[in-house]
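Subject: Structure handover

Hello,

Here is the structure you were waiting for. My notes on what turned up in it follow below.

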Amino acid sequence: MDRPSPLMSPVLIAACAIIMVSFAIRAAFGVFQIPIAEEFGWLRAEFSLAIAIQNLAWGIGQPIFGAIAEKIGDRKAIVIGALVYAAGLVLSSFAVTPGAHQVYEILVGFGIAGTGFGVILAVVGRASSDEHRSMSLAVATAAGSAGQIFGPPLAEALLTVTSWQMVFVIFAGMVLSVLLVLPLMRAPVRSGGPVIEESMGAIVGKALRDPSFTLIFLGFFSCGYQLGFITAHFPAFVTEMCGPIDPGGMLYGMGITSTSALGAVAISAIGFANIVGTLTAGYLGKRYTKKYLLAGIYTLRTFVAAAFIMTPITPATVLLFSVGMGSLWLATVPLTSGLVAQLYGLRYMGTLYGIVFFSHQLGSFLGVWLGGRMYDAYGDYNAVWWIGVGVGAFSAIVHLPVKEKRLAAA
C-alpha cells in the first residue's frame, strides 16, 4: 500500500525560499517612492510610472517564462529570471533620470516573472499530489507574503544607514542567493487526471475560446489594480495623510515614531495577515467551489477599501485596514491558479496561468500609474481608491458564471 505523500517537500521548501526573496524586494519599491522623488525633484508620477512599467513587464514576462520553463526546464528559467532581476536592480542604482528608471524596471519586471508565481506555482502544482495541491499552492503563495513582511522594513532600515542606490545593490545580491536552492527544484511530472496529449498551442487555443477562461482573465484585473496601487503608494499615502503617532501610545513605544515608519510597517502587516488568509483560502479551495470563494474575497475587499477611505486616516485605521486587506491580499492566487489547473490540466499550467496573470499586471500597471497621476493632479489618492472599489465589485460579479468543469474531459 502506497504511503500518503507529505505536504512539505524539498520542491515546496525551495519554491517558498525563491518566492519569499523575490516578493520581499518587489514589495519594498513603495518605500523608495518619496526618497527618490525628493533626491531628483521628480513628480510623483515619474517614479510611479517606473513601478507601473515594472508591473506591466512582469505581466508580459509571466507567460513567456512559463513557456520557457516548459520548453527548456523550470530551473533554467529561474536562473534566467534571477540574473535579469539582479541586472535590473544594479542598473537602476545608477539611474538619474525618470526615463532610465523606467527602462531598467522592464528588466526588474521580467526578473520577477522568472522568479515569481507563474513558474514556481507550476512546479509546485506538478510536484504535489491531488490531495495536497490546493494547500501546496497556498503555502507557496503565503511565502510571498512572508517576504512582504520583512522586505519593506528592511528597505526602510537600510535607508537609514546607506543610500537607496546601495540598497538596490544589496537587493540584487539577495536575488542571486536564491540560486543556491535550485538543486531542490526537481518536480516529477504528475497527471492531474486524464493525460493530455495535445500540444501547448492546442490547449492554449481551447482555453482562449472558453468563456470561463475569459471571465477568470477579466476577474484577475482588479486584484492587480488593488495590489499594485497599495504596494506602490500606501507607504507614501500613510506618510502624508495619516494622523500623527501618539508619543504615549503603544506604536511609539514599539519604535514606530513616524508615519513613514508606519507606512512600511503597514505593508508588513498586510503580508503577515495574508499568510493566514492565503492558507485559509487554500484549505477552503479543497472543499468548496473556487469561483464562489473568489467572488466572496473580492466582495470583502470592496467593503474593506470603501470603509477605510470613508473614515479618518489614523494609525489605528491604517493597521485595521492592513489586517483586513491583508487577509484577502493574495488569497485569490491559489484559488485562481488552482482553478486554471482544474479546468485545463497541469501540463501547460505555467503558460495558461501566465496569460491570466497578464490581466492582473495590466491592473497593477493602471493602479500604480493612476496613483501617481491622480496625486500630481489633485494632491490626493481619493479617486484611485474609489476606482479600486468599483473594479473589486466587478470582479466579484464576473466570477459567478465561471463553469468549473475540466475542458480536456469535456
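A residue is called buried here if its relative accessible area is under 20%. With a relative accessibility of 2%, Phe 234 is therefore buried. Please keep in mind that this is a predicted model.

The nonpolar core

Phe 234 belongs to the largest nonpolar core, which has 129 residues. It is listed there among the residues with the most contacts inside the core, together with Phe 32, Leu 89, Phe 171, Ile 230 and Trp 385. Helix H10, residues 211-241, supplies the largest share of this core, with 14 residues.

Ile 230 shows what such a residue touches. Neighbours within four places in sequence aside, Ile 230 is in contact with Pro 235, Ile 267, Ile 270, Phe 321, Met 325, Trp 329 and Trp 385.

Aromatic pairs

The whole structure holds 26 aromatic pairs. In one of them, Phe 229 and Trp 385, the ring centres are 5.2 Å apart and the planes stand at 90 degrees, so this pair is edge-to-face. The pair links distant parts of the chain, since Phe 229 is in helix H10 and Trp 385 is in helix H17 (residues 382-398), 156 residues apart. Phe 229 counts as buried at 4% relative accessibility, and Trp 385 counts as buried at 4% as well.

Phe 234 and Phe 237 make another pair, with centres 5.9 Å apart and planes at 15 degrees; the cut-off for stacking is under 30 degrees, so this pair is stacked. Both residues lie in helix H10, 3 residues apart, which is about one turn of the helix. Phe 237 is buried too, with a relative accessible area of 3%.

A helix crossing

Elsewhere in the notes is the contact of two helices. The axes of helix H6 (residues 117-127) and helix H7 (residues 133-159) come within 9 Å and cross at roughly 145 degrees. The crossing is right-handed. On the H6 side the contact is made by Phe 117, Leu 121, Val 124 and Gly 125, and on the H7 side by Arg 133, Ser 136, Leu 137, Ala 140 and Thr 141. By type, the residues of this contact divide into 5 nonpolar, 3 polar and 1 charged.

Regards

Definitions and conventions:
Residues numbered from 1 in each chain as written. Predicted model: local features only at pLDDT ≥ 70, side-chain atom pairs only at ≥ 80, totals over all residues. Heavy atoms only, no water. Axes fitted to C-alpha atoms, helices over the stretch in contact; angles between N-to-C directions. Helix = DSSP H or I, 4+ residues; strand = E, 2+ residues; numbered from the N terminus. Left-handed = near helix turned anticlockwise from the far one by under 90°. Contact = heavy atoms within 4.5 Å. Nonpolar A, V, L, I, M, F, W, Y, C, P; charged D, E, K, R; others polar. Core = buried A, V, L, I, M, F, W, Y, C linked by side-chain atoms within 4.5 Å. Buried < 20%, exposed > 50% of the residue type's maximum accessible area, 1.4 Å probe, protein only. Phe/Tyr/Trp six-rings, centres within 6.5 Å; stacked < 30°, edge-to-face > 60°.
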